[in-house]
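Visitor: I am new to reading structures. Could you walk me through one, feature by feature?

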Amino acid sequence: MLDNLTQRLAKVVKTMRGEARLTESNTAEMLREVRLALLEADVALPAVREFIAKVKEKAMGEEVIGSLTPGQALVGVVQRELASLMGADLGAEASQLNFATQPPAIILMAGLQGAGKTTTVGKLAKYLRENKKKKVLTVSADVYRPAAIGQLQTVTGQAGADFFPSQPTDKPVDIALAALDYAKKHHHEVLIVDTAGRLGIDQAMMDEIRAVHAAIKPIETLFVVDAMLGQDAINTAKAFNDALPLTGVVLTKLDGDSRGGAALSVRHITGKPIKFAGVAEKLDGLEAFDPSRMANRILGMGDILALVEEARKGVDMEAAQDLAHKIKGGGKFDLNDFKAQLSQMKKMGGLTSLLDKLPAQMQAAAGNANMDQAEKQVRRMEGIINSMTPQERAKPELIKATRKRRIAAGAGVQVQEVNRMLSQFEQMQSMMKKLKGGGMMKMMRGMKGMLPGGMR
């Protein structure tokens, strides 16, 4: 995510931190580097100009000049202004969804075709159901794209929310009003209306969405935009902002964008907060947008809070406690436990997702590791364990040559792969023994050997 921009700015940040004294020349040099990095990332020129002007003004202020570590103070200024550019100045409440209305709270989704609107409706339904404990109904007012209604029904079902059926022969305004009536009668707290997208901005589309907006009076009108559009995202945002009273923005496909210009430009152009960011294709790949944390990530400082949240969501605390009791009580760590650990890691978004949230120095340390290869290796290890009998998983010492050949054939791998997996399991087993004896530092040292090549 935002790789190019992060790499450029992380380099600048490192140089700035090392400056014992700030002069006009080294500050100008640093600002020139930041400006180039932002323009390269496809950030809109007006946003770049405003950002550089604010940083320059504060860089020459007393707070930085009088600091004992002016380089670090300047990094703080850049971080705050970057966060401000993405909406931190609007306040924490601005990026929250507003539910202060007579239920159902109506959320209208607008955007171009291909921006990922329908998938985002499913992700948002899942987010609201799981994180806000809301009863959610979705409806599709897209009567033009043949598979749109069916697609929304599928993702809504996967999200565990309710779906209101519509027909391609119905009028969008009638669909929205019928869904609203149904939501009121069945006590839904939130109604999400998916509207039609087009391949370009046209008047008929804008008139139609304005009519739907006028009929149902949504409390939230969210503009869904593809982060990979770059400068085009800015033009689209402006057109939608002129046509509709937008309340916020959802950035999709942020994980696929190495430049990240849209994330820094859309808020500046619309004046509206970015409320959510799509960071993965899966239905749980939607994050509430936090400007300060995103600024940290862009500057290569990582997002440790997001990492902790991922862990909290992904880790089955009950299972973790059961394992701890088992080990403390003298039980043996077996292959069922090992497989459960691999599964927990996958629930946390896999190695690539975890690495993305670490600070730049730690990412650089893992630079030689091929994350895709490491994730494939994890899947292969699961496949090998699945090829074993319940008895073999519970008593790994039974696995000798003939059993290894059978397991390898069942998993479609070479015997060497089975040996490698068993070796890694034994390392983890020995670490668990140390944990039982309270040897936490020994265990941490041992964990280095468990990491994929290059991360040791």
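**Reading the model**

Guide: Start with one residue and its contacts. Contact means heavy atoms within 4.5 Å. Setting aside neighbours within four places in sequence, E81 is in contact with F51, K54, V55 and K58. This is a predicted model: local features need pLDDT of at least 70, side-chain atom pairs count only at pLDDT 80 or more, and totals for chains, interfaces and linings use all residues. Residues are numbered from 1 along each chain as its sequence is written, and side-chain values use heavy atoms, with hydrogens and water left out.

Visitor: Where does E81 lie, and is E81 buried or exposed?

Guide: Helices (H or I, at least four residues) and strands (E, at least two) are DSSP runs, numbered from the N terminus. E81 lies in helix α5 (residues 70–85). For burial, look at relative accessible area: buried means under 20%, exposed over 50%, partly exposed in between (1.4 Å probe, protein chains only). E81 has 8%, so E81 is buried.

Visitor: How many helices and strands does the chain have?

Guide: The chain has 22 helices and 8 strands. Buried residues make up 48% of its 456 residues. Now take contacts between residues at least 6 apart in sequence. Of these, 74% join residues at least 24 apart.

Visitor: Which residues show me such a meeting across the sequence?

Guide: Y144 and A196 are 52 residues apart along the chain, yet their C-alpha atoms are separated by 6.9 Å. Neighbours within four places aside, Y144 is in contact with A196, R198 and E208. At 45% relative accessibility, Y144 counts as partly exposed.

Then try M432, in helix α21 (residues 415–436). M432 and K332 are 100 residues apart in sequence and 8.8 Å apart in space, C-alpha to C-alpha. M432 has a relative accessible area of 11%, so M432 is buried.

Visitor: What is a salt bridge, and how many does the structure hold?

Guide: Side chains of opposite charge can pair when their charged atoms come close. The cut-off here: a side-chain nitrogen of Lys or Arg within 4 Å of a carboxyl oxygen of Asp or Glu. The structure holds 14 salt bridges.

Visitor: Which salt bridge links distant parts of the chain?

Guide: K253 forms a salt bridge with D226, with the closest N and O atoms 3.3 Å apart. K253 is in the loop between β6 (248–252) and α11 (261–270). D226 is in strand β5 (residues 220–226), 27 residues away. K253 is partly exposed at 32%, whereas D226 is buried at 12%. Salt bridges can also join up: R380, E417 and R420 are linked in a network.

Visitor: How do I read two packed helices?

Guide: Two packed helices are described by the angle between their axes and the distance between the axes. Axes are lines fitted to C-alpha atoms, for helices over the stretch in contact, and angles run from 0 to 180 degrees between N-to-C directions. Take helix α8 (residues 172–185) and helix α9 (residues 203–216). They pack at an angle of about 25°, with their axes 9 Å apart.

Visitor: Which residues make the contact?

Guide: P172, V173, A176, L177 and L180 from α8 meet E208, A211, V212, A215 and I216 from α9.
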